[in-house]
Amino acid sequence: MYQEEINRKWQKIHEFKSLLNRTDYVDHRAADEPDKIMSEEIKAVRINAREQINILESEIAELEALEQEYIRTVNEIDL
């Protein structure tokens, strides 16, 4: 019942993680070469991606709990 929404949220998480992976080089370069600073725009995008991942993971956990409750209820009705 909730699986489609859970799947959509996992897809968004994968997109945010892909963005983080694609911009990791900037972070690593800034650590290796102090004169190569990371732009504020990239920092903001990376911070937002991590925040969104945390929110989505929390929402998925809630949906999974609702799904489990739904399954328990359906099983009780079938008995």
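The side chains of R72 and E69 meet in a salt bridge with a nitrogen-to-oxygen distance of 2.9 Å, where a salt bridge is a side-chain nitrogen of Lys or Arg within 4 Å of a carboxyl oxygen of Asp or Glu. Both R72 and E69 belong to helix α2, three residues apart, which is about one turn of the helix; helices here are DSSP runs of H or I of at least four residues, strands are runs of E of at least two, and both are numbered from the N terminus. R72 counts as partly exposed at 43% relative accessibility, and E69 likewise counts as partly exposed, at 41%. In these terms, buried means under 20% relative accessible area, exposed means over 50%, and partly exposed lies in between, with a 1.4 Å probe and protein chains only.

The model is a predicted one, in which local features need pLDDT of at least 70 and side-chain atom pairs count only at pLDDT 80 or more, while totals for chains, interfaces and linings use all residues. Residues are numbered from 1 along each chain as its sequence is written, and side-chain values use heavy atoms, with hydrogens and water left out.

The secondary structure of the chain comes to two helices and zero strands. With a radius of gyration of 19 Å, well over the 12 Å that the globule rule gives for 79 residues, the chain is more spread out than a compact globule; the radius is taken over C-alpha atoms, and the rule is 2.2 Å times the number of residues to the power 0.38. Along the principal axes, the C-alpha atoms of the chain fill a box of roughly 70 × 20 × 15 Å. Of the 79 residues, 18% count as buried, and the accessible surface of the chain comes to about 6,100 Å², of which 52% belongs to carbon and sulfur atoms, as computed by the Shrake-Rupley method with a 1.4 Å probe. Among contacts between residues at least 6 apart in sequence, 74% join residues at least 24 apart, a contact being heavy atoms within 4.5 Å.

Charged side chains were examined next. Side chains of opposite charge can pair when their charged atoms come close. A search of the whole structure finds six salt bridges. One of them joins K9 to E59, with the closest N and O atoms 2.6 Å apart; since K9 lies in helix α1 and E59 in helix α2, the pair ties together parts that are 50 residues apart in sequence. K9 is buried, with a relative accessible area of 12%, whereas E59 is partly exposed at 28%. Not counting residues up to four places away in sequence, K9 touches L56, E59, I60 and L63. A network of salt bridges links K9 and E59 with E5 and R8.

Within helix α2, K43 forms a salt bridge with E40, the closest N and O atoms being 3.6 Å apart, and these two residues are three residues apart, about one turn of the helix. K43 counts as partly exposed at 36% relative accessibility, while E40 is exposed, with a relative accessible area of 57%. Another lysine, K17, is found in helix α1 and is partly exposed, with a relative accessible area of 39%. Leaving aside neighbours within four places in sequence, K17 is in contact with I53 and E57, and the C-alpha atoms of K17 and E41, 24 residues apart along the chain, are separated by 17 Å.

E67, placed in helix α2 (residues 40-78), is buried yet has no salt bridge, and the nearest side chain of opposite charge, R72, is 11 Å away. Here Lys and Arg count as positive and Asp and Glu as negative, with His and the chain ends not counted. E67 touches M1, Y2 and Q3, not counting residues up to four places away in sequence. M1 lies in the segment before α1 (3-32) and counts as exposed at 65% relative accessibility. Apart from neighbours within four places in sequence, M1 is in contact with E67 and Y70, and the C-alpha atoms of M1 and F16, 15 residues apart along the chain, are separated by 25 Å.
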